[in-house]
Amino acid sequence: MNAKTEIASATRATVPAANSALGILFALSFCHLLNDSIQALIPAIYPLLKDSFNLSFTQIGLITLTFQMVGSIFQPIIGFYTDRHPLPYSLVVGMGITLLGLIALALAPSYYAVLVAAGMVGMGSAVFHPESSRMARLASGGRHGFAQSLFQVGGNAGSSLGPLLAACIIARYGRRHILWFTLIAFAGMIILSRVGAWYQRHLDDARARKSAGEPHHPVPPAQVPFLLAILLCLMFSKFFYLASMTNYYTFYLIQKFGVTVQQSQIYLFVFLFAVAVGTIAGGPIGDKIGRKFVIWISILGMAPFALLLPQANLFWTVALSVINGMILASAFPAILVYATELLPGKVGTIAGLFFGFAFGLAGIASAVLGKLADATSILFVIKVCSFLPLLGLLTAFLPNLKKHEAEPAAMAD
């Protein structure tokens, strides 16, 4: 009878903890939504900035390059540092930097001031992503794919909301109304302070679990650099294509089909919303059937649809962009969790490396594609990028880690 009582008490104690961890995941996902909706304001207002400062496509690409490269350089550094010295309240600081960047963007008197403001928003994101990924893994309860997808879907939903908010508020009332979005950043700071307090309480338990035994390495260490290089090549395919759509899809629709700026931003919202919907599937499916299979489908599987898009009319262009967004979106959670399985115990380093690489690729892609668009046309840029998903063939070199991924896990690294 006493044993039964103890079991019942333990069960009751576990439920609040599980609910608390799930609540943390939703809080992180929501703050990822806030963070990335702010990020998405920058490309969404490119037509407005182009008219205000008489910019070329090359100059527009340099805005994204500045924003993305700041994030690219600092995210691996921050992730490497926080693997050794976790900073529970660093996310609040990161969101504060983003808030200051919004103010600078709204009041920027020149093109160079816009570049500085974009760099500040990039720095805020650089602080946010590595440590929030670690917190998501800590709260995963062993369902790492699910946790990463839930975290990522918040970011993708925010990326899709950014253009919609820009169309409804900034495009209609002017650039200074970006100041309204500082309320979003401030709300994020409040929520993240609560998340930081939860993280602080769980750090000691996480360290105790980590020191209890050596982490299992699913492949020989000598193979890890090669496999990480393959994953980064797949990231190149994904984010170059995504950059072409995120930064130049509106111009493509305006030039080819004659839609208005506001209509083009709504179509961009539709594409990015499809990306958000697709993201939530990649992680949980990978938990069940293995990351490699998900990576196969999510990159190579979209190749036929990507190749068809430049040949389509407006209706089918929008429809194919939705299909491409949903398929492509499942890649990143699967790739990121696969990489953390290759290097267990290095969540911050891996998250910083891959988020940073994603930021850098997006920035370089924006600048390169902007230069190409000036030299040729936006239509040519979209056609060239339609071949990028064929790089998904590199997935054949990845070993199947499904057996290791399916093993029961404790809370996290």
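Modeller: Before we start, buried means under 20% relative accessible area, exposed over 50%, and partly exposed in between, with a 1.4 Å probe and protein chains only. This is a predicted model, where local features need pLDDT of at least 70, side-chain atom pairs count only at pLDDT 80 or more, and totals for chains, interfaces and linings use all residues. Residues are numbered from 1 along each chain as its sequence is written, and side-chain values use heavy atoms, with hydrogens and water left out.

Biologist: Okay, is N400 buried or exposed?

Modeller: N400 sits in the loop between α15 (378-385) and α16 (402-405); helices here are DSSP runs of H or I, at least four residues, numbered from the N terminus. Its relative accessible area is 54%, so N400 is exposed.

Biologist: And how are the buried residues of α15 arranged around its axis?

Modeller: The buried ones are I378, V381, I382 and C385. An α-helix has 3.6 residues a turn, so residues three or four places apart point the same way. Going by directions from the helix axis to the C-beta atoms, the buried residues of α15 fall within an arc of 95 degrees, so they line one face of the helix.

Conventions:
Helix = DSSP H or I, 4+ residues; strand = E, 2+ residues; numbered from the N terminus.
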